[in-house]
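Thank you all for making time this morning. I would like to walk you slowly through one structure, so please have the viewer open and follow along as I go.

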There are 4 protein chains.
Amino acid sequence: MVTEMGNSNLLNKMAEIIQKSDNQTAKQKKIMEVAISLFAEKGYSNTATAEIAKLAGVAEGTIFKHYGTKENLLLSIMVPFLKELFPSMADELFEELMTDNISFEEFLRKFLKNRTHFLLDNQEIFQVFIKEMIYKEELKNELVPYIFEQASPRLGKVIDVFQKRGEVIDLPISQIKNVLATTFFGFFISRFVLLNLQLLNDEEIDHIVHFIVNGIGKRS
Amino acid sequence: MVTEMGNSNLLNKMAEIIQKSDNQTAKQKKIMEVAISLFAEKGYSNTATAEIAKLAGVAEGTIFKHYGTKENLLLSIMVPFLKELFPSMADELFEELMTDNISFEEFLRKFLKNRTHFLLDNQEIFQVFIKEMIYKEELKNELVPYIFEQASPRLGKVIDVFQKRGEVIDLPISQIKNVLATTFFGFFISRFVLLNLQLLNDEEIDHIVHFIVNGIGKRS
Amino acid sequence: MVTEMGNSNLLNKMAEIIQKSDNQTAKQKKIMEVAISLFAEKGYSNTATAEIAKLAGVAEGTIFKHYGTKENLLLSIMVPFLKELFPSMADELFEELMTDNISFEEFLRKFLKNRTHFLLDNQEIFQVFIKEMIYKEELKNELVPYIFEQASPRLGKVIDVFQKRGEVIDLPISQIKNVLATTFFGFFISRFVLLNLQLLNDEEIDHIVHFIVNGIGKRS
Amino acid sequence: MVTEMGNSNLLNKMAEIIQKSDNQTAKQKKIMEVAISLFAEKGYSNTATAEIAKLAGVAEGTIFKHYGTKENLLLSIMVPFLKELFPSMADELFEELMTDNISFEEFLRKFLKNRTHFLLDNQEIFQVFIKEMIYKEELKNELVPYIFEQASPRLGKVIDVFQKRGEVIDLPISQIKNVLATTFFGFFISRFVLLNLQLLNDEEIDHIVHFIVNGIGKRS
DNA sequence: AATGAATGAGAATTCATTCAT
DNA sequence: CATGAATGAATTCTCATTCAT
């Protein structure tokens, strides 16, 4: 159900990058590594290509030989992350989690654990991602819809399943999706970008899951 | 329980700024206005002082005559916002909302409406604020604790009241605070910064309040 | 024997200043005072008029009302100093020192003491003077000849007197003048400008006088 | 008796500069050449990097690529000069001059000729040097002691030798050193900085040597 | 493929000077 | 006389990008 986005510059560029990104030299890997770290720390526009080159132990020209522009280097960082964050997650992870007759709480718990680990493993790229998305209109305007298109139907399907099993309240799916998306989003952003926390234990995940399921109101 | 913060460079600087900013020239006001708008749109470091000057109809030197540095101009924008976001909110708003024997849901509804309107009125500054906080370690390290100190005890008091009235579940206050803070935060950030939405109707507030109180799990 | 210098911009300007400089207001005096101190410390071109105004407790405009330009403020500082350094010194001091049948050594001693005290009293202006003379070709080209014209004949007369009394060797007067000028000059510059010494005791003056008279060679 | 100066920021910076400046591009050399000339003529702070770039036929950025800051360019000019003015002079020149049983007058003559030629060859750098030393407290405070430490013991040794040979009067060495230093200093500064003279003939050196040895008093 | 010297278009900031009040 | 807001040209410095080797 992925909409065609042929009019998107950014996604076109990303598609190009994917094709080229087969075999990276050692120097390219080092450049990416350093760039991710610096972009995450100081932001894209506060990081000089000269600094990347120096820390990566390559000449400045080398970066431009490989990536053409600084902007392109940024995209080359974001593309593989995006690829892994959604498409693979979507169809592999969701099926994996849904196979057994797992309870809704258990599903949430496993889902949050899985994504938390992925984001912790890629915390720097995630930071780069969010930071740039907030700044750059173009990026925001193209990626937010893309992400929604990727995530929305899968999330919808899951909610539908659990509504039918009687574990989720009978409100319109879109409404539940919004609430869930906002909660997940607030949770990840505040932990991994704003507070820069490096850990997340199971207990905390239990709390958030309990909250999502039961709210904080006391049942009469 | 509010910690003294006399050792804060940034907050000291802010205090100085407030004093100076009483009697503003027409040109100064115009500069601030334009700066807020540009910083919100493109971010602080992607906005040139030359552009601010041009749009404000002043010479570039005028900006520096009044604010000394570009950084200082940013602080001059953020300070009054911060001052109004917390201290005033805290002691006036909270009392106002709590006087009558308001229900928990009603409290949440009113609180969210009030803060939503404030943020809609100051959406651009809020964006500047969040964007810079994400980038600048110094800002983050001083403001996050400050905000927590301002908000935490007040939030705690409210939860305590409603727990005693039997409207909020008997979990540790700190746990409920975390969950609420994350939800509010995710809600505001995703709406006003990431999605850049300009409206919020009462129905949506009802949804989020219902979610906070009841969760999305179905009661058996 | 003072040559006419009608073609000199600088000396003309100075002449104008002299005429205007009759009655100074309290603010003017404060401006001059602060300017001298700052020019001496950091040099003319490293001192901002804004700083002078601030330390003098006046508005920036006030400086320009009185002195027109920053350059003119500098000249207004140098003129009275120059006036006292040479013309008055020349005809009053020299006569005073030469009246009695003073010995050459005694003359040198008194002369050095007198000029040393004058320079110590005006050390800051002297520093301004030398520093600017070194930098500004125009100043150098006009003032060095002027100073030579003022000092040279008077020094020549003194040497002549002591040669006739048999206390100074019979070398060409110009040669002795050069040597003396260089020595005096080196002495004052190194002490009061480069090393920034604030004191000079009689013993040191005795040494330099002894050296000028006898050299450091041992007599057989 | 040479003090360790490991705590000197400026001198450390200079050491770094030397290492980098081994293999200079043609453009770098041109930049240095032009900078020396302009700094000497108008002083460091009255020379714009734009002007240096223009006269050197390079882009302004090139200057900053190589030297980082304008200040650093200044140091890059001064360092090699300083290195040659003292250390090499000291141990090579002094020994060379002292080997034969040269007379004191002859020593002075040769010494002055040698240093005069060095300063004439480097007149512009010498001017840069003196001009900046007068202005910048930091430079003065680090270099004046350094120069004294370099020059003082060597000068002392020479005086000692000639005192023992009976050619120099038996006054305390420190006193003779002061007098000599002041004379040399006044001589070089007044000629090469203030008067900007381009020549020095043997006759003039003979005069100054004669003066140093015999003074200007007539022997009875 | 890799280098790194060179570029030049901005960027922030400074400052003497003007002028309306 | 005095003020101080406003100016705008000049200055130092940054940085993505190019290109000859």
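This is a predicted model: local features need pLDDT of at least 70, side-chain atom pairs count only at pLDDT 80 or more; totals for chains, interfaces and linings use all residues.

DNA strand F is surrounded by 34 residues, of which the closest are B:Gly61, C:Ala59, C:Gly61, D:Phe64 and D:Lys70. The elements that each supply at least two residues here are helix H3 (49-56) and helix H4 (60-67) of chain A, helix H2 (26-42) and helix H4 (60-67) of chain B, helix H4 (60-67) of chain C, and helix H3 (49-56) and helix H4 (60-67) of chain D. Sorted by class, the surface near DNA strand F has ten nonpolar, 13 polar and eleven charged residues.

Now to chain A by itself. How many helices and strands does chain A have? Its secondary structure comes to ten helices and zero strands, and buried residues make up 28% of the 220 residues in the chain. Taking the contacts in chain A between residues at least 6 apart in sequence, 65% join residues at least 24 apart.

Two of the helices that I named at the DNA deserve a moment, namely H3(A) and H4(A). They pack at an angle of about 105°, with their axes 8 Å apart, and H3(A) and H4(A) are therefore roughly perpendicular to each other. In H3(A), the residues A:Thr49, A:Ala50, A:Ile52 and A:Ala53 meet A:Glu60, A:Thr62 and A:Ile63 in H4(A). By class, this contact of H3(A) with H4(A) has four nonpolar, two polar and one charged residues.

Next, the places where protein chains touch each other. The contact between chain A and chain B takes 34 residues from chain A and 34 residues from chain B. On the side of chain A that touches chain B, two or more residues come from each of helix H7 (123-135), helix H9 (173-194) and helix H10 (202-214), and H9(A) gives the most, with twelve residues. That side has 18 nonpolar, 13 polar and three charged residues.

For chain C and chain D, the contact takes 35 residues from chain C and 35 residues from chain D. Helix H7 (123-135), helix H9 (173-194) and H10 of chain C each supply at least two residues of the side that touches chain D, and H9(C) gives the most, with twelve residues. By class, this side of chain C has 19 nonpolar, 13 polar and three charged residues.

Helix H6 (residues 104-121) and helix H10 (residues 202-214) of chain C pack at an angle of about 135°, with their axes 10 Å apart, which makes H6(C) oblique to H10(C). Their crossing is right-handed, and the contact of H6(C) with H10(C) has eight nonpolar, no polar and three charged residues.

Terms used:
Residues are numbered from 1 along each chain as its sequence is written. Chains are lettered from A and ligands numbered from 1 in the order in which they are written. Axes are lines fitted to C-alpha atoms, for helices over the stretch in contact, and angles run from 0 to 180 degrees between N-to-C directions. Helices (H or I, at least four residues) and strands (E, at least two) are DSSP runs, numbered from the N terminus. Angles under 35 degrees count as roughly parallel, over 145 as roughly antiparallel, 65 to 115 as roughly perpendicular and the rest as oblique. A crossing is left-handed if the near helix is turned anticlockwise from the far one by less than a right angle, and right-handed if clockwise. Ala, Val, Leu, Ile, Met, Phe, Trp, Tyr, Cys and Pro count as nonpolar, Asp, Glu, Lys and Arg as charged, and the others, Gly among them, as polar. Two residues are in contact if their C-beta atoms, placed from the backbone, lie within 7 Å. A residue is near a molecule or strand if its C-beta atom, placed from the backbone, lies within 6 Å of it. A residue is buried if 20 or more other C-beta atoms lie within 10 Å of its own, exposed if 12 or fewer, and partly exposed in between; C-beta atoms are placed from the backbone.
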